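Colleague: Could you walk me through some features of this model? I want to learn how to read each one.

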Amino acid sequence: MSEFKDLVDQHYQALYRFAYSLAKSPDRAADLVQQTFCIWAQKGHQLKDRSKAKTWLFTTLYREHLWHARRSNRFPEIDLEEVDYHLHSHEPDASRGLDGKRAVELLQQLDETFRAPLALFFLQQHSYKEIAAILDVPMGTVMSRISRGKDQLRAKMRDDAEGKIISIEGKVKKNG
Amino acid sequence: MDKTQAKFLLSSFRPDGADAHLPEFANALKLAAENRELGEWLAHERATDAAFAKALNDVSIPEGLRDEILAVLAYDGNSEAEDTDLDGLFTGGMASIAPPEGLRDHILAAMEMEQAAAAQENSKVTEIKVWRWLSVAAIAAAVAVGAMVTMNQPSPSKADQGILVNDDILRTSPNIDRLSVQPVAVHSAVQQMAVKLKSPDQIKLNTDLDCARAAMQFLDTKHHPVPSQLPVGLAEAKLVGARDMYLDSGQPISLLCFEKEGMGMVHLIVVDSASLSDADELSSMKSISLKSCYGCDLTQFNIAHWREGKKTYMILTKAKKKDMVNLF
C-alpha cells in the first residue's frame, strides 16, 4: 500500500491534467485517473522495471481513453455534462487570460491526433522519446505532431484573441 | 541542418530546458546560437510554450481525487488480503466437513433444472423457472452451509435454509414481444434510469416488501429480472421498496431501493444482459470500477456496474465513490 501511495502522490496530478486534456470533462478525467490506478493495482506487479512506472501509467491512461472513445463512437451518447461544458465555453469571457481552464479548452479544440502529444509535451514530464512510447508511435511522428499541433494551437489562440470561438459543431461564432 | 529542420526539431524541445542534454538537439541549439533569426524564434517559442505549460500545470485537481484513488486501492488490497485469509481459514475447516446426505441428489436435481431451462430457451418456449438464479454451485454451497448449521441446531425446514427451489412452479414470461426490442447500450440504460430516479416521486415503489428476498419474489411474479446476487453492503441494508420498470425502448428492468447507513439511498438496477448491446464489455463484481454518472452534473449520481452470468447490475447512488466501495 505504501508503494501505491507514493505512486499516487507522485503522478496523480499530472495524470489528471493529461486526462482532462483528452477527456473533455473533469469527472471523466477523474474516472480515467482512478481507472488507471485500479489497473495498476491489478497488473502493476507485472512491470519488472519500476523506473518505467510513470510511462506505464500514462500509457495505460491513454489506452483507457482510446478504449472509451471507441466505445462512445460505437454507441454515441449525449453526455449532458459535456454539453453543459461546451455551452459554458460559448459564453463571453472578458478576461481571456491563459489560465489552466482556458489552456485545457484550447487543447480540447485540437484534432485528436495532436491533443495527446501536445498535452504530454506541455506537461513537461516526458521527453519526446517517452511520448512516442506512451502513444505507441514513431519518434518522428511525435515531433511532427507536436510541431503541427502547435501551429493549430497558435491558430486557435489567434482566433481566440480576435474574439472568435470555435463551437463543437465546427462553426465559428463571433463573441458578443 | 537548415533553419527549417532546426525549427522542426526544436518544436519538441521542452521549454523548461529538460532536453538540453539530449544530443539530437545539440546541432539545432548550436545553429540557434549562431543565427540571430533562429535564436529569436527559439526564444519566442520557448516563452510561448512556457506560458502554456504553466497554465496547463496550474489546472486544479478535484478535491478528494487522491482520497478516492487511495480508497479504491485500499479496497482492492484489502479484498485480496481478506480473500487470502478467508481461504486459509476455510481450507482446513471445510476439509473436515463430510458432504451432507442427499447432496448428490440435490446437485443432480439442480442440473436437471438447468438442462430443462436451457432446453426451454433453445426451443424458444416462453417459460422460465422460478428461482432459476440459484445455480448448482449456490445450491451446493447452501446445502454445505446448512450442514454446518445442523451440527448444533435442530434440522430446519428447506425454506428456513434459504434454499429457494420451487421446481414444481413454472411461470409464463412477460407478455412482451422480446424479438422486437432492440438492445440498448449500458450507458443509455444508466442514463435513462438516472433521469427517472431524479424524480423518485413518479416511481411508485412497492414499499410493502420487508426484505430483499420479498423484493425478489415480487419481481419474479412480475416476470422481471431477479438479482442472483447482492453486494455484501446491500444484503445488510434496509430495503425501501422495489419496482418493475421498462426502459424507453421496452426492456424490462428491475429496481430495488435500499437505504444504507452513511450513504443514503442506493438504487440497484437489474437487467438481462441480453437487453444490452455492450454488456459483455463489463467486468464482474470482483473487478468493479466506480464511475461518475453520465450527465452527473444534473443527476448527481455516482454509478457502479458489473455483469454476472446473464444479468447486468447497476448501482446508482448520490453517495461518494469512496463510500461506495463499502458496498462490495
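Colleague: Where does A:Gln124 lie?

Modeller: In the loop between H6 and helix H7 (128-135) of chain A. This is a predicted model. A:Gln124 has a positive phi of about 60 degrees, yet it is not a glycine.

Colleague: Is A:Gln124 buried or exposed?

Modeller: Count C-beta neighbours; 20 or more within 10 Å means buried. A:Gln124 has 20 inside 10 Å, so it counts as buried.

Colleague: Which loop holds A:Asp136?

Modeller: The one between H7 and helix H8 (139-161) of chain A. A:Asp136 also has a positive phi of about 60 degrees without being a glycine. A:Asp136 is exposed, with 9 other C-beta atoms within 10 Å.

Colleague: Now helices. Which residues of H3(B) are buried?

Modeller: B:Leu38, B:Leu42, B:Asp49, B:Phe52 and B:Leu56. Look down the axis: these buried residues fall within an arc of 105 degrees, so they line one face of H3(B). The face turned away from the buried side carries the exposed residues B:Arg36, B:Glu40, B:Ala43, B:His44 and B:Ala47.

Colleague: What do the buried residues of H3(B) pack against?

Modeller: Elements of both chains. From chain A come helices H1 (2-23), H5 (100-108) and H6 (112-123).

Colleague: How many residues has the largest nonpolar core?

Modeller: It has 51. A:Leu15, A:Phe18, A:Ala19 and A:Val33 have the most contacts inside it. H1(A) gives the most to this core, with 11 residues. Another core, of 42 residues, lies apart from it and includes B:Phe218 and B:Trp306.

How values were computed. Residues numbered from 1 in each chain as written. Chains lettered and ligands numbered in written order. Predicted model: local features only at pLDDT ≥ 70, side-chain atom pairs only at ≥ 80, totals over all residues. Buried ≥ 20, exposed ≤ 12 C-beta atoms within 10 Å, placed from the backbone. Helix = DSSP H or I, 4+ residues; strand = E, 2+ residues; numbered from the N terminus. Arc of directions from axis to C-beta. Contact = placed C-beta atoms within 7 Å. Core = buried A, V, L, I, M, F, W, Y, C linked by C-beta atoms within 7 Å.
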